[in-house]
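Thanks for making time, everyone.

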Amino acid sequence: MSSSIPGAQMVGRLAKVLRAVSTSMPEGSSTIQIARVVDLPRPTVHRLLSALTEEGFCDHDHRKGLWLLGPEVYLMGAVAAERYDITSIARQHVEALADATGESAFLSARRGDETVCLLRQDGSFPIRSFVLYEGKRFPLGVASAGLAILSFLDGDAIDRYLANHSLVVEHGESHDVDTLRQRIVQTRTHGWSLNPGLIVEGSWGMGAAVFDPSGQPAWSLSLTGIESRFSAARRPEMGRLLLRHAHELTKKLCH
């Protein structure tokens, strides 16, 4: 949103606070924790949360001192789901990936410059990674789902994103621009993305983009697990499975 639009700064702050609350669900988050995430003064965040609560967009657990999403978000989300929710169509693909590989499988959606996890299905392998879970958000380019989506945007969109976002402070030197560009090239070459333990050591992931009817990468199917389950010998097979299910889901969404 352009800062030249009257009220844009306030709307932007409200949106950041709501997103921060959403990432803490279902446990909720304190005012101090939310202020740290959105990088705003605590009194400002408290006023915004109080205003959102008055309108039903947030709820406050006074006993624990935690903020949660409110009933109005649920009602609006239920209406929006008629247009944006693809989980009912994608669920069979997520389940099939988990069954075929034994790993945890996911559906994530692009929301602006982030991805948010919508579905998780655990496979039969008893050791699992919990880096990704329903409601978890990552910037584009972080984790296998975000890298898969970023890699298949058009070149100008990739350039703008990398010019306007610095991922190093929060996610480390492995997410500097030059390294990200190398991973984008690799992802375009293979068709699928790879996260070799860059978020949590030993927790690996692979992802494949799912495209909307306009040809834009709007979702991702991904797999996560421990490093030994993502050996060089096994990755091509898992990549083919991801691409097949991503292609089949894309076809369903485009008809």
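Quick housekeeping before that. This is a predicted model, so to speak: local features need pLDDT of at least 70, side-chain atom pairs count only at pLDDT 80 or more, and totals for chains, interfaces and linings use all residues. Numbering runs from 1 along each chain as its sequence is written, and side-chain values use heavy atoms, with hydrogens and water left out.

Okay, the sheet. Six strands make an open sheet, in the order β5-β4-β3-β8-β7-β6, and the pairing is antiparallel. Two strands count as paired if DSSP finds at least two bridges between them. Which strands stand at the edges? Those are β5 and β6, residues 193-196 for the latter; each has a single partner strand, so one side of each is left without a neighbour in the sheet. From one strand to the next, the twist averages 30°.

Let's go along the pairs. β3 and β4 run antiparallel and are joined by seven bridges, with Leu107 opposite Leu119 in β4. These two strands form a hairpin with two residues between them, and Gly112 in the turn has a positive phi of about 65°. Next, β4 pairs with β5, again antiparallel, over three bridges; there Val116 stands opposite Arg137 in β5. At the other end, β6 and β7, residues 203-211, are antiparallel over four bridges, and Leu194 has Met206 in β7 as its bridge partner.

Now the helices on the sheet. Helix α10, residues 235-253, packs on the sheet and touches β3, β6, β7 and β8, with its direction at about 30° to that of β7. Contact here means heavy atoms within 4.5 Å. For the angles, axes are lines fitted to C-alpha atoms, for helices over the stretch in contact, and the angles run from 0 to 180 degrees between N-to-C directions. Then there's helix α5, residues 87-101, which lies across β3, β4 and β8 and runs at about 65° to β4.

Away from those, look at α1 and α3. Their axes come within 10 Å and cross at roughly 80°. That's why we call α1 and α3 roughly perpendicular, a label that covers 65 to 115 degrees; under 35 is roughly parallel, over 145 roughly antiparallel, and the rest oblique. On the α1 side the contact includes Met10, Arg13 and Leu14, and on the α3 side Thr44, Leu48, Leu49 and Leu52. By class, that contact has eight nonpolar residues, one polar and one charged. Nonpolar here is Ala, Val, Leu, Ile, Met, Phe, Trp, Tyr, Cys and Pro; charged is Asp, Glu, Lys and Arg; the others, Gly among them, are polar.

On to the spaces. Everything is done on a 1 Å grid over the protein atoms alone: a cavity is a set of points where a 1.4 Å probe fits but cannot get out, a pocket is an open set with protein on both sides within 12 Å along at least five of seven lines, and lining residues have an atom within 4 Å of a point. Grid points are joined across faces, edges and corners, and a volume is the space filled by probe spheres set on the points.

The second largest pocket holds about 1000 Å³. It's lined by 25 residues, and Arg19, Val37, Glu114, Pro139 and Glu170 lie nearest its centre. That lining splits into eight nonpolar, eight polar and nine charged.

How many cavities of 30 Å³ or more are there? Three. The largest cavity is about 100 Å³, and β7 gives the most to its lining, with three residues. What about charge in there? The lining of the largest cavity has seven nonpolar, six polar and no charged residues. The second largest cavity is about 50 Å³, and α6 gives the most to that lining, with three residues.

The peptide bond from Met25 to Pro26 is cis, with omega near 5°, and Pro26 is in the loop between α1 and α2. Asp39 has a positive phi of about 60° although it is not a glycine, and Asp39 is found in the loop between α2 and α3.
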